[in-house]
Amino acid sequence: MRRYIVQRLLSALMVLVGVSILVFLVLHLTPGDPVQIMLGPTAKPGDIDRLRAEFGLDDPLPVQYLRWVSRALQGDLGRSIQLNRPVLPELMGRFQATLILATAAAVISFSLGLVLGVVSAVNHNRLIDRLVAGFAMLAVSMPAFWIGMIGIVLFAVNLRWLPASGMYPPQGEPSWGKLFIHLLMPATTLALVPMAVIARFTRSQMLEVLGQEFVLTARAKGVPKSRVIFDHAFGNTLVALITLLGLEAGILLAGAVYVETVFAWPGIGSLMVEAILKRDFPIVQGGVLVIATSYVLINLVTDLIHAAVDPRIRVA
Amino acid sequence: MQPEPILRVRGLKTEFQSAAGVVRAVDGLDLDIFPGEIVGVVGESGSGKSAMAFSILRLTPGKIVAGEVQFRGRNLLDLSEAEMERLRGDRIAMIFQDPMTSLNPLMRIGSQIGEALRYHMGLSRRQADGTAVQLLQSVHLPDAERRIHDYPHQLSGGQRQRVVIAMGISCAPDLLIADEPTTALDVTIQAQILNLISETRQRSSAAVLLITHDLGVVAQLCDRVAVMYAGQVVEQGPTTDLFANPQHPYTIGLLRSTPHGRRRGEPLRPIPGQPPRPGDIATGCSFAPRCHLVEERCHHQAPALLQLGGGRQARCLLREESAHESTP
Ligand SMILES: Nc1ncnc2c1ncn2[C@@H]1O[C@H](COP(=O)(O)OP(=O)(O)OP(=O)(O)O)[C@@H](O)[C@H]1O
Ligand SMILES: [Mg+2]
């Protein structure tokens with residue numbers, strides 16, 4: 001087990017190094033001299049050269065990369081061109097909002113997805129199974145931003161039950177209650193597709209497990225059907241689904257971009273969209289790095305959880 | 001006079017719905033098992049042996065449409081599901097063919113053995129662990145105290161089948177159903193597991209219903225044999241008698257077609273033809289199309305299970321002359 005953890009940590013580290021190289025190169029391979037852009041078309045050649053040397057842009061690429069990484073490790077990701085503020089604190093504030101949204105959506109989609117999937121499998125081919133299947137079909141085939149807009153029109157504009165946008169009301173003290181009310185619609189919108197996917201996979205996985213001989217063995221021992229589902233089938237289903245759940249967690253993070261735009265959620269996604277439109281490269285670069293790092297971490301945690309709950313991996 | 005059977009199956013019929021229509025896997029099956037004996041069930045693949053076993057425990061995915069399963073005087077088909085659950089694993093236990101798949105990969109084997117003990121005997125987890133150790137010792141698994149903490153993948157196939165047997169006998173059942181318990185194991189392990197089953201029977205006086213393809217195993221281990229064909233028991237009787245003097249043409253064919261059954265020096269002769277496809281409706285004897293002794297009436301008249309004396313029964317019209325009485 002310890003060896004597995006070390007191996008897994010090393011490979012995560014390597015992926016991170018790869019990601020950082022990519023992010024670094026993309027910036028340096030994009031056409032256009034950043035100094036030229038900064039100083040504008042009227043800059044004198046002497047000034048350009050002086051500034052290039054000052055920024056270290058004449059050094060070989062590996063040297064530049066190492067300097068950038070060591071700064072990044074110290075929390076210095078440069079300054080936003082648009083906001084003229086350090087990138088990292090800006091990103092972190094926004095990332096926190098995204099994390100809140102994605103976590104809420106994960107709670108909704110994982111719990112409901114698993115419950116609906118188990119209920120479908122246990123009531124295989126009965127009415128409730130068909131209803132869940134129909135609902136899942138619907139959820140997957142409708143774009144999230146469209147559902148979000150319908151939600152705004154219905155619950156915010158017509159019924160006035162829920163706020164249409166933002167994380168807190170413009171005025172007044174922030175509170176958990178206010179956050180919850182603002183979170184409800186975006187989180188549900190974001191959760192819909194992963195919930196449907198998880199429900200479908202849970203159903204088929206559960207059916208497969210229920211068809212395995214050890215389930216019959218348990219029944220033959222006199223374990224009641226409901227207990228067999230909880231004590232034997234659900235655990236095996238969940239273990240088989242861990243990888244999918246990890247992937248869905250990553251998808252929630254990525255999907256947050258659309259939902260944040262629709263609901264004006266102050267997350268990293270909407271920040272990135274603004275930054276791209278305004279060519280604010282340090283923000284884009286830092287944002288990609290933060291998102292990629294969180295992907296790698298989700299992956300790592302997924303694998304470690306898998307190893308912790310599945311004895312077959314633990315020993316290997 | 002024979003003692004009362006602990007299991008008395010009469011006219012059992014089990015159907016499956018399949019794409020091709022209704023498949024009657026068990027088709028009017030009669031079977032008796034007496035206390036403490038080992039009864040072998042043999043028959044070609046698809047003859048309904050497993051379907052019968054699962055029907056007795058009411059765990060078949062198919063539908064039991066007719067018949068009686070009398071166990072210690074009660075018809076199991078009349079019991080509620082809750083009453084069946086109290087019986088399963090306690091009075092009737094079942095062990096399966098493949099020890100690789102019949103254990104839960106995520107549960108320690110001690111907990112899996114202890115499960116029946118906790119449900120049926122109300123033992124605590126701790127007590128169940130203690131009993132699990134004793135059970136593992138009784139099936140000769142070395143290092144039992146340590147083994148109860150292992151997961152199934154840490155055991156070999158033979159060791160797992162020992163665990164499965166320990167699980168089966170944990171509540172000292174009156175009847176142990178074993179569906180091809182050695183088919184998935186290699187030959188040297190097979191003999192050990194079979195010895196273990198017969199040893200278990202002697203110690204616990206449980207009756208054993210042993211489903212197998214291997215007539216050699218039957219000859220060695222079983223007090224009586226039931227031969228199944230197309231969802232029916234076509235012949236049953238004491239093992240030595242039945243092997244020495246088979247009465248049903250199918251049994252004769254079966255014995256000639258396997259190395260254990262034929263006389264020394266005789267060549268192996270497979271039974272010509274195919275078993276009926278399940279779902280085919282036969283009016284007469286289901287074996288008639290393949291029978292080397294077939295007569296005209298066999299195609300129209302369904303034979304009853306005839307009592308031939310000496311505890312022997314056969315389902316064949318040609319044996320009517322030697323029958324004492326026929327069961328309805
Ligand atoms: N779940 C099922 N659905 C549909 N048909 C089934 C099902 N289980 C069994 N059958 C059918 O019932 C018949 C009897 O099957 P069964 O498994 O009892 O045979 P068997 O005698 O145990 O064979 P084997 O020696 O290969 O184990 C077969 O024709 C099979 O196709
Ligand atoms: Mg079978």
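This is a predicted model: local features need pLDDT of at least 70, side-chain atom pairs count only at pLDDT 80 or more; totals for chains, interfaces and linings use all residues.

Q: Why is the pair Arg219(A) and Glu85(B) called a salt bridge?
A: The closest N and O atoms of Arg219(A) and Glu85(B) are 3.7 Å apart. The cut-off is 4 Å between a side-chain nitrogen of Lys or Arg and a carboxyl oxygen of Asp or Glu, so this pair counts. The count between chain A and chain B is three salt bridges, and there are also 11 residue pairs in polar contact.

Q: What makes up the side of chain A that touches chain B?
A: Helices α9 (213-220), α10 (225-263) and α13 (311-315) of chain A each give at least two residues to that side. The largest share, seven residues, comes from α10(A). Sorted by class, the side of chain A that touches chain B has nine nonpolar, five polar and nine charged residues.

Q: How much area do chain A and chain B bury between them?
A: About 2100 Å², with 59% of it on carbon and sulfur atoms. On the chain A side, Glu213(A), Ala220(A) and Lys221(A) supply 29% of the area buried against chain B, more than any other three residues. The contact itself takes 23 residues from chain A and 27 residues from chain B.

Q: What are the domains of chain B?
A: The domain assignment gives domain 1 (7-91 + 171-326) and domain 2 (103-170). Their centres, taken over C-alpha atoms, are 30 Å apart.

Q: How do you know that domain 1 and domain 2 of chain B are in contact?
A: Contact needs heavy atoms within 4.5 Å, and 19 residues of domain 1 of chain B meet that against 15 residues of domain 2 of chain B, so the two domains do touch. Cys171(B), Ile193(B) and Leu196(B) supply 38% of the area that domain 1 of chain B buries against domain 2 of chain B. The salt bridge count between these domains is zero, but eight residue pairs are in polar contact across the interface.

Q: Why are β11(B) and β12(B) called paired strands?
A: Pairing takes at least two bridges, and β11 (residues 306-309) and β12 (residues 312-314) of chain B have three, so they qualify, in the antiparallel sense. For one of the bridges, Gln307(B) has Gln313(B) as its partner in β12(B). Two residues sit between the strands of this hairpin, and Gly310(B) takes a positive phi near 65° there.

How values were computed:
Residues are numbered from 1 along each chain as its sequence is written. Chains are lettered from A and ligands numbered from 1 in the order in which they are written. Side-chain values use heavy atoms; hydrogens and water are left out. Helices (H or I, at least four residues) and strands (E, at least two) are DSSP runs, numbered from the N terminus. Domain bounds come from an automatic or database domain assignment. Buried area is the accessible area (1.4 Å probe) that two parts lose on being put together, summed over both. A polar contact is a pair of N or O atoms within 3.5 Å; within protein, one must be able to donate a hydrogen and the other to accept it, and residues adjacent in sequence count only if both atoms are side-chain atoms. Ala, Val, Leu, Ile, Met, Phe, Trp, Tyr, Cys and Pro count as nonpolar, Asp, Glu, Lys and Arg as charged, and the others, Gly among them, as polar.
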